[in-house]
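Hello,

Here is the structure I promised to pass on.

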Amino acid sequence: MKTTKKILGARIKELRRTRGLSQDRLSEKVGIDPKHLSRIEVGNSYPSFDTLERIATALGVEAKDLFEFVHEKTNKELIVSITTMLKEASPEDLRTILKVVRAIVR
């Protein structure tokens with residue numbers, strides 16, 4: 001079973017990698033030791049709230065985005081989430097979404 005620490009660490013690592021940052025570069029921007037960032041990313045250490053805020057800022061996201069664990073959802077859960085959002089979309093938005101999905105799936 002994955003702990004919240006491990007899931008949070010994986011999310012931070014995911015965001016760091018998508019932004020093309022090394023652990024050394026992110027830790028420098030955040031003002032923490034690279035070893036501490038490594039322990040956070042593998043789920044061996046919880047960051048303080050201040051460190052979380054600095055990580056979010058350095059990654060260009062809001063602190064709440066660090067806790068969006070979409071990468072942990074199963075395909076069935078993802079389909080339910082997408083379906084729920086689609087029900088609230090306007091007809092124009094649905095047409096745009098269809099174009100985007102077609103472009104991705106092809």
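By salt bridge I mean a side-chain nitrogen of Lys or Arg within 4 Å of a carboxyl oxygen of Asp or Glu. This is a predicted model, so local features need pLDDT of at least 70 and side-chain atom pairs count only at pLDDT 80 or more, while totals for chains, interfaces and linings use all residues. Residues are numbered from 1 along each chain as its sequence is written, and side-chain values use heavy atoms, with hydrogens and water left out.

The structure has 5 salt bridges. One of them pairs Glu28 with Arg25 at 2.8 Å, N to O; both residues sit in helix H2, 3 residues apart, about one turn of the helix. (Helices are DSSP runs of H or I, at least four residues, numbered from the N terminus.) Glu28 is exposed at 58% relative accessibility, and Arg25 is partly exposed at 36%. Here buried means under 20% relative accessible area, exposed over 50%, and partly exposed in between, with a 1.4 Å probe and protein chains only.

Arg11 is buried, at 13%, whereas Glu14 is partly exposed, at 31%. The buried residues of H1 pack against helices H2 (23–30), H3 (34–41) and H4 (49–59), contact meaning heavy atoms within 4.5 Å. Just after H1, Gly20 has a positive phi of about 70°.

Lastly, Lys64 bridges to Glu68, with the closest N and O atoms 3.8 Å apart. Shared partners link Lys64, Asp65 and Glu68 into one network of salt bridges.

Best wishes

How values were computed: Helix = DSSP H or I, 4+ residues; strand = E, 2+ residues; numbered from the N terminus.
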